[in-house]
Amino acid sequence: MPKYLTLISQMMQSSLSRSRWDYWFPGSKLRSRLSMTYWMLLSCLFLFVVKMLRSRPDVMTVTPWLAPIVWDGTFDRALLRILHPPANISIVLAVFGVGTYWLFVQPFLESAEMYFMPGYDIMFVVLTERKDRSMPLIPSHSARKVLFLHTEKFNGWRENAIRRMPRLLRLLEGNELEHKPDYFFTIDVDMLFKAEVGPEILSDLVTFLHPGYYKMSPDNFPYERHSASRASLTYTQGTFYYGGAFYGGHPDTVIKMLHHCWAALQDDVTHGLVAIWNEESHLNRYLALQHPPSLVLSPEYCWASDWALPPEVRLARVLSVAKNNAALHAET
Ligand SMILES: CC(=O)N[C@H]1[C@@H](OP(=O)(O)OP(=O)(O)OC[C@H]2O[C@@H](n3ccc(=O)[nH]c3=O)[C@H](O)[C@@H]2O)O[C@H](CO)[C@H](O)[C@@H]1O
Ligand SMILES: [Mn+2]
């Protein structure tokens, strides 16, 4: 065979030989559909990131792992309502009103009734040791339900705060709820909703930037620094400091996080250790190393009521109430 014919035959064979792509996805139609979907998804992600970055150039709106950081002006509620149709989504918001913290329950529920996820199917779960729970709570015309559940009162503020984790696990894994909600959130009770908190918070694992540390560099974060603790993070680890007051997401994801953090916290206790910010320190380590949040709320979602608003915080959607800790904790 002449040399040039051998060359042509070799070229044809090599073009016909199956590439790795052909091997996994035989059939050209499927192949082209997959590659089209891939490019469409990639372009959507690119457009999304560009839009997020341009919407609020004064603040960080996307984490290094591409999770949105929700600031006023970064989302379109009408669009989000289409993506998360209120008719199809059930949400539980759980709060603890144990001991002296009972006094926060009424104003908290009134504000939540007004501003927490208007239009959605909401069940408020209030966990308390009190038998007498009589108060107006939320207006009787409200479509929202309040479920009171018993929880144990422990000795002292710290114990009551950390014991929320195992109690929430029991709530989510047991049969106290009629059915598992689509989303589950928990929040400190010493809070007031001041403006709408809507579908922009719906995601797999949600937490918020602590208002005291969002402008600081990670080496100034109050992470647990003692290497013996299971909450510890080194000075080169972690990107953000998250508050422990408000978190949630899909129930199964929250359950996984609670199991991990509660086991780590108990392990610390058996070694005589208490992390610097209790369960908040364990949450921070989990979110920094094990499972980065899929959505991060800006400090708009937990601002302190006695702090002035800096220009980047256009509004406080949720305010933590100024409280007299000495008096509150003395009686609890
Ligand atoms: C804004 C923020 O990020 N707050 C966190 C912070 O302190 P805080 O000072 O905000 O904690 P806190 O006193 O509000 O306690 C946390 C919550 O536990 C409940 N509670 C606590 C004690 C008690 O006797 N009865 C009772 O019901 C109540 O719902 C309260 O809101 O650090 C705590 C460390 O443990 C928690 O991580 C809080 O979520
Ligand atoms: Mn609080």
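1. Three strands make up an open sheet, arranged in the order β6-β11-β10 with mixed pairing; two strands are taken to pair if DSSP finds at least two bridges between them. Strand β10 runs parallel to strand β11 (residues 318-320), to which it is joined by two bridges. In this pairing, Ala-304 lies opposite Ser-320 of β11.

2. The model is predicted: local features need pLDDT of at least 70, side-chain atom pairs count only at pLDDT 80 or more, and totals for chains, interfaces and linings use all residues. Residues are numbered from 1 along each chain as its sequence is written, chains are lettered from A and ligands numbered from 1 in the order in which they are written, and side-chain values use heavy atoms, with hydrogens and water left out.

3. Overall, the protein has ten helices and eleven strands, where helices (H or I, at least four residues) and strands (E, at least two) are DSSP runs numbered from the N terminus. Of its 332 residues, 47% count as buried, that is, under 20% relative accessible area, with exposed meaning over 50% and partly exposed in between (1.4 Å probe, protein chains only). Among contacts between residues at least 6 apart in sequence, 74% join residues at least 24 apart; contact here means heavy atoms within 4.5 Å.

4. Strand β5 (residues 183-187) is largely enclosed by the rest of the structure, because five of its five residues are buried. Tyr-183, Phe-185 and Ile-187 cover one side, while Phe-184 and Thr-186 lie on the other. Strand β2 (residues 90-96) pairs with β5 in the parallel sense over four bridges, and Ala-94 stands opposite Thr-186 of β5. Strand β8 (residues 246-249) pairs with β5 in the antiparallel sense, also over four bridges; Phe-246 of β8 is the bridge partner of Ile-187.

5. Asp-190 is buried, with a relative accessible area of 6%.

6. Helices α7 (residues 164-173) and α8 (residues 251-270) pack at an angle of about 145°, their axes 10 Å apart. Axes are lines fitted to C-alpha atoms, for helices over the stretch in contact, and angles run from 0 to 180 degrees between N-to-C directions. From α7, the contact draws on Met-165, Pro-166, Leu-168, Leu-169, Leu-172 and Glu-173; from α8, on Pro-251, Val-254, Ile-255, Leu-258, His-259, Cys-261 and Trp-262. These residues divide into eleven nonpolar, one polar and one charged (Ala, Val, Leu, Ile, Met, Phe, Trp, Tyr, Cys and Pro count as nonpolar, Asp, Glu, Lys and Arg as charged, and the others, Gly among them, as polar). Helix α7 is mostly covered, with seven of its ten residues buried; among them are Arg-164 and Arg-167.

7. Thr-151 belongs to the loop between β4 (145-150) and α6 (157-162). Thr-151 counts as buried, at 5% relative accessibility. Leaving aside residues up to four places away in sequence, Thr-151 touches Phe-96, Val-98, Leu-127, Thr-128, Glu-129 and Arg-167.
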